[in-house]
Amino acid sequence: MNKSFGNDDARLERFVAGLYTPEDELLRDIRERSAAAGLPDIQIAALDARHLEVLARACGARRAVEIGTLGGYSGVAILRGMRGEGVLDTFELEPAHARLAEETFRKAGFAGRARIHVGPALERLRAIETEAPFDLCFIDADKESYDSYLDWATGHLRPGGLVIGDNAFLFGELAEPPGPHPDAAMRAMRAFHERLAGSGEWIATVLPTGEGLAVGVRV
Ligand SMILES: C[S@@+](CC[C@H](N)C(=O)[O-])C[C@H]1O[C@@H](n2cnc3c(N)ncnc32)[C@H](O)[C@@H]1O
């Protein structure tokens, strides 16, 4: 190994963020409204928003799915990456989060292109299955279900479609081998990676962002 996996030089992060992703007014407003409404401060970083926008544009996404809406921060990034009439179906467990996201999409001018589904994603995803195949699926919700969400993406994305999973390092927990009794999140995240990396169904990698951003192209 002659080159390192990631880069933790904060000066380089400032250089890239300053040039490519100064957080614009719209994204800042989502963060601030979310905080004011008491939502947890767990939306993706501005640089990850740009990653999503670029990936959505690169795969020509017209139908995207997001699991874990929160206040709509990452949803706006995906919608920005989709051309013209692209539609995002986004899934959120908490009605209060969904309400804030609804306001976000309206303020961003995406009201007609963002469909928010409220409830447990694994149940609510069934409602859109007849509209498959989709072009992109961004997974950013409960870690205990990452393997199930990948099952869903495997069955409902077109060849060439992208699955993207945030928090792929499981907050650093994957650095250690699993103990004899791994918890549900550890089991699910390991199963997620094993299928993504080794099943032959995906060409995949993990981008070494702070949280780890898994990206797979459906074969
Ligand atoms: C990390 S936040 C999503 C952040 C969002 N993607 C962003 O960057 O703007 C995770 C969200 O998933 C939601 N969530 C948790 N479990 C869920 C489930 N089973 N189904 C749908 N949403 C869920 C949480 O309520 C929370 O709003």
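Student: Where is Thr21 found, going by the helices α1 and α2?

Tutor: Keep in mind that this is a predicted model. Helix α1 covers 10-20 and α2 covers 25-36. Thr21 sits in the loop between α1 and α2.

Student: Is Thr21 buried or exposed?

Tutor: The cut-off for buried is under 20% relative accessible area. Thr21 has 6% relative accessibility, so Thr21 counts as buried.

Student: Which residues does Thr21 touch, if we skip those up to four places away in sequence?

Tutor: Contact here means heavy atoms within 4.5 Å. With residues up to four places away left out, the list for Thr21 is Val16, Ala46, Leu47 and Arg50.

Student: Over to the ligand: which residues around it come nearest?

Tutor: There are 22 residues around the ligand. Of these, the nearest are Ile44, Gly68, Ser74, Glu92 and Asp140.

Student: What is the distance from a nitrogen atom of the ligand to an N or O atom in the side chain of Asp140?

Tutor: Start with Glu92, where a side-chain N or O atom is 2.6 Å from an oxygen atom of the ligand. For Asp140, the ligand atom is a nitrogen, and its distance to a side-chain N or O atom is 2.8 Å.

Student: How much of the ligand's area does the protein bury?

Tutor: Taken alone, the ligand exposes 610 Å². The share of that buried by the protein is 89%.

Student: Which elements give two or more residues to the shell around the ligand?

Tutor: By residue class, the shell divides into eleven nonpolar, six polar and five charged. The elements giving two or more residues to the shell are α4 (73-81) and β2 (87-92).

Definitions and conventions:
Residues are numbered from 1 along each chain as its sequence is written. This is a predicted model: local features need pLDDT of at least 70, side-chain atom pairs count only at pLDDT 80 or more; totals for chains, interfaces and linings use all residues. Side-chain values use heavy atoms; hydrogens and water are left out. A residue is near a molecule or strand if one of its heavy atoms lies within 4 Å of it. A polar contact is a pair of N or O atoms within 3.5 Å; within protein, one must be able to donate a hydrogen and the other to accept it, and residues adjacent in sequence count only if both atoms are side-chain atoms. Accessible areas come from the Shrake-Rupley method with a 1.4 Å probe; for residues, only the protein chains shown count as cover. Helices (H or I, at least four residues) and strands (E, at least two) are DSSP runs, numbered from the N terminus. Ala, Val, Leu, Ile, Met, Phe, Trp, Tyr, Cys and Pro count as nonpolar, Asp, Glu, Lys and Arg as charged, and the others, Gly among them, as polar. Buried means under 20% relative accessible area, exposed over 50%, partly exposed in between (1.4 Å probe, protein chains only).
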